[in-house]
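I opened this entry to record what I looked up in the model. My notes run from the whole chain down to single residues.

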Amino acid sequence: MEIAYKWVKARYSAIKVLKILNLNKSTYYYNINSRDNSIKGENNSLNKGGRPAPGYSFDIKGNRICDDQIKEYILEILETKGCEFYGYLKITITLKNEYHLIINKKKVYRLCRELDILRPQRKIKQKHPRKIARNREVISSNSLWEVDIKYGYIQEEDRFFYILSYIDVYDRNIVDYYLGLSCKAEDVAITLKRAMLKRNLYDKENKPIIRSDNGP
């Protein structure tokens, strides 16, 4: 913010001179930008990567607004009460609504970066850490079951139905399944209990591992 303050102070002094000379700010800044861009072009004549920044944008009336003027608008927005914590996305919206500029968020991000006023990005923490399923060597039945939910469509009734299946990975048999117009957690639990009773595993200590695709 200290760099931004020095930048504003220098621009404020330039504005006072412009008022005395009765010159338009946009014209002054556009000429400075054109000179700076020509100097950069001479020094970096070998750098041809990407399209160079034009140094200006347009408003809805078709007037050309130079980047330095847009930077002043950005700083004015941040000085407004309640807007001091705006990020570049909200600044973009304000530039469009209040200053009627035709400008995109990428350019506003670049200008904010040049002014050194970008706020630190928040780090998104995952509530549930992503884990890859461990590969298991299946050597017998009833050691690993997989469960999945599919749905179909009843054309005459114009509605969907659900089918939930438990499959033994070793012998590839459907141990048990559920078919209905809805599929809730209690349906999944009841079907699992019924499948374990079929294989005489309900009262056994060693029960199969159940694996799903982590879907709904």
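What percentage of the 216 residues in the chain do buried residues make up? I read 27% of the 216 residues as buried, where buried means under 20% relative accessible area, exposed over 50% and partly exposed in between, with a 1.4 Å probe and protein chains only.

Ground rules next. This is a predicted model, in which local features need pLDDT of at least 70 and side-chain atom pairs count only at pLDDT 80 or more, while totals for chains, interfaces and linings use all residues. Residues are numbered from 1 along each chain as its sequence is written, and side-chain values use heavy atoms, with hydrogens and water left out.

**Entry: layout.** I find six helices and seven strands in the chain. Helices (H or I, at least four residues) and strands (E, at least two) are DSSP runs, numbered from the N terminus. Along the sequence I read α-α-β-β-α-α-β-α-β-β-β-α-β. I also looked up the contacts (heavy atoms within 4.5 Å). Of those with a separation of 6 or more, 47% join residues 24 or more positions apart.

**Entry: helix 3 on helix 5.** I took helix 3 (residues 67–79) against helix 5 (residues 105–115); they pack at an angle of about 80°, axes 10 Å apart. Axes are lines fitted to C-alpha atoms, for helices over the stretch in contact, and angles run from 0 to 180 degrees between N-to-C directions. The two helices are therefore roughly perpendicular, a label for 65 to 115 degrees; under 35 is roughly parallel, over 145 roughly antiparallel and the rest oblique. From helix 3 the contact uses D67, I70, K71, I74 and L75. From helix 5 it uses K107, R110, L111, C112, E114 and L115.

**Entry: cores.** A nonpolar core is a set of buried Ala, Val, Leu, Ile, Met, Phe, Trp, Tyr and Cys residues joined through side-chain atoms within 4.5 Å. The largest has 17 residues, and I70, I74, I91, L95 and L101 have the most contacts inside it. Helix 3, helix 4 (88–98) and helix 5 each supply at least two residues of this core. Helix 3 gives the most, with six. Another core lies apart, with nine residues, among them Y166, V175, Y178 and A195.

**Entry: strands.** Two strands pair if DSSP finds at least two bridges between them. Strand 1 (residues 56–59) is joined to strand 3 by two bridges, and D59 has L101 as its bridge partner. Elsewhere, ten bridges join strand 4 to strand 5, antiparallel, with I154 opposite R159. Strand 4 (residues 144–154) and strand 7 run parallel, joined by three bridges; here E146 stands opposite R211.

**Entry: positive phi.** Which phi does D158 take in the hairpin of strand 4 and strand 5? I noted a positive phi near 55°. R172 is not a glycine, yet its phi is positive, about 60°. R172 sits in the loop between strand 5 (159–168) and strand 6 (174–180), and at 51% relative accessibility counts as exposed. N200, also not a glycine, has a positive phi of about 60°. I place N200 in the loop between helix 6 (185–198) and strand 7 (209–211); at 56% relative accessibility, N200 is exposed.
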